[in-house]
Amino acid sequence: MIGIYYRSKLLSQDSDKLDHYFVDSDLSMPMTLYLYNSNDDGSIDNVFSWEPATKQWWITGFNPEYVGEVDVHDLTMVGCIDMSDNVSNNKKDVCDQELFEKLKEQYAENKYMYFDEISHMVWILWGE
């Protein structure tokens, strides 16, 4: 699951207040999500590939054939958020170059995220 949420500046400035994130469907962007299962024999199964044609603010996937049949340690998730429309069009209310750079800096040490500065895509990889 990948989601785009925002936090009220008022809530983020005062740690005594409720720390809460909100949904804003105007923050929707193109997203993709893939889940792979590594088998004991070295082969890899594609559990699901989800490439919706419409912009998303939240994306997830499910394949009932794998329920109870996989070990979480054998799963690898690859997701992508395409921020290029928002950066190139300078939509300040969604994401501009400055925000992309702030996110990249904030998550620079995160081994699960890669920020492609040319295409303005954020790749997320969870798995070993």
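In which segment does Met1 lie? Met1 is found in the segment before β1 (2-3). The model is a predicted one, in which local features need pLDDT of at least 70 and side-chain atom pairs count only at pLDDT 80 or more, while totals for chains, interfaces and linings use all residues. Residues are numbered from 1 along each chain as its sequence is written, and side-chain values use heavy atoms, with hydrogens and water left out.

The protein chain contains three helices and nine strands, arranged from the N terminus as β-β-α-β-β-β-β-β-α-α-β-β. Helices (H or I, at least four residues) and strands (E, at least two) are DSSP runs, numbered from the N terminus. Of its 128 residues, 30% count as buried; buried means under 20% relative accessible area, exposed over 50%, and partly exposed in between (1.4 Å probe, protein chains only).

Met1 counts as exposed because its relative accessibility is 55%. Tyr112, by contrast, counts as partly exposed, because its relative accessibility is 26%.

Tyr112 is placed in the loop between α3 (97-106) and β8 (113-116). Leu125 is 13 residues from Tyr112 in sequence, yet their C-alpha atoms are 4.9 Å apart in space. Apart from neighbours within four places in sequence, Tyr112 is in contact with Trp123, Ile124, Leu125, Trp126, Gly127 and Glu128, where contact means heavy atoms within 4.5 Å. Across the protein chain, 54% of the contacts with a separation of 6 or more join residues 24 or more positions apart.
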